[in-house]
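Please view the sequence and the model first.

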Amino acid sequence: MPADPRLSPDDGALPRELDVVIIGAGPAGISAAVVAQALKLRVALLEAGEKAGGQLLRNPTPILDAPGLDVPTGMAMADRLMDHLTRLGGQVRTGGSAARVHAASGEVEVSGELLRAKFLLLATGARPRTLGIPGESGALGRGPSPAARRFGDLYRGRTVLVVGGGDVALEEAALFARICERVFLVHRGSELRGCADFRAAVAAEPRIEVLLETTLLSIEGEAEVRGARLRGPEGAFDVKVDGVFICAGLAPNSELIRGQAELDAQGFVHTDIRQRTSAPRLYAAGDVCAGSAWSVAAALGQAAIAVKDMERRLWRDEPR
Ligand SMILES: Cc1cc2nc3c(=O)[nH]c(=O)nc-3n(C[C@H](O)[C@H](O)[C@H](O)COP(=O)(O)OP(=O)(O)OC[C@H]3O[C@@H](n4cnc5c(N)ncnc54)[C@H](O)[C@@H]3O)c2cc1C
């Protein structure tokens, strides 16, 4: 399809009156832009980072569970999504974090410029949750990510500590146990939460030592991790470990709309089945949404649902 110059000005400037401004160019945001471009909506796609792709850029492993998009790495998927957008004449504006959103008026401030659109789509994704403990920023692994698959060889025959009690933590511990001499699995609750298969895998592995009702207090070591300080039911104690992997879940990037739309207790955005938020012009898609599946396929689908609903409302000329 030939590019529509009205939608994608060659000089990189954006039309000020838009149908939709999409904030965040991970899989959800890029897909929303593809669908909007195919429907000939006037769209701006904003990305805070230097490159579009979101979490895909941090994934060097194959993505096997995104139908029709089987690619060798997350980066390759980001390129494929961006190629599609470019072929439709779309573009992304990178290197500019949306600094302020006014959902009621459809305004977004980016790099000192004010954009106005009939609809906004929040596709800002999520980031690994941190514990805020000493030594954490220098630690290598912070979940959720398949750290064992990525960094496994670095820890062959060594000792690692995995924090968390959910699926990601249990899978990491089980994978590390295949190559490490010893794995500590530290969970603050009184029982592991992960699914039955992962719990069974952990229970069957003698190299995993599960420490329940235990919290990580600090990570020791300068250039390299050397140990960790923990507090269990009988008080504080130290363990010698070579790596720490924190799988404490995701925190949503929803600060921009805090106070403007309903969020859950953790800050994820509540949406209805059309991806509408409680603010009339504002939609959300992908990992930033409450109940998110932490999945590329889900992000793509939600983005399409949102943009199709916007188009329907534009045709019905609402809101004005
Ligand atoms: C290592 C790893 C492996 C994974 N493996 C798989 C897998 O095998 N299968 C699978 O389905 N999923 C996998 N995932 C999860 C998948 O990548 C995410 O579910 C998906 O990327 C979510 O897409 P998103 O667009 O909602 O958010 P994100 O990918 O998080 O993208 C959000 C984007 O918004 C941008 N942004 C944030 N704030 C602003 C702002 N204020 N202004 C402008 N831009 C902003 C961010 O810079 C980012 O680029 C994996 C993730 C990781 C990290």
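## Helices α1 and α2

Pro27, Ile30, Ser31, Ala33, Val34 and Gln37 of α1 are in contact with Leu81, Met82, His84 and Leu85 of α2, contact being C-beta atoms, placed from the backbone, that lie within 7 Å. By class, this contact of α1 with α2 holds seven nonpolar, three polar and no charged residues. Ala, Val, Leu, Ile, Met, Phe, Trp, Tyr, Cys and Pro count as nonpolar, Asp, Glu, Lys and Arg as charged, and the others, Gly among them, as polar.

The axes of helix α1 (residues 27-38) and helix α2 (residues 74-87) cross at roughly 20° and come within 9 Å. Axes are lines fitted to C-alpha atoms, for helices over the stretch in contact, with angles from 0 to 180 degrees between N-to-C directions. Helices are DSSP runs (H or I, at least four residues), numbered from the N terminus. The two helices α1 and α2 are therefore roughly parallel to each other, a term for angles under 35 degrees.

## Basis of the model

The model is predicted: local features need pLDDT of at least 70, side-chain atom pairs count only at pLDDT 80 or more, and totals for chains, interfaces and linings use all residues. Residues are numbered from 1 along each chain as its sequence is written.

## Surroundings of the ligand

Among the 36 residues around the ligand, Gly24, Gly26, Gly54, Gly125 and Gly286 come nearest; a residue is near if its C-beta atom, placed from the backbone, lies within 6 Å. Elements giving two or more residues to this shell are α1 and α6 (296-315). The shell divides into 18 nonpolar, 14 polar and four charged residues.

Notes
Parallel < 35°, antiparallel > 145°, perpendicular 65-115°, else oblique. Contact = placed C-beta atoms within 7 Å.
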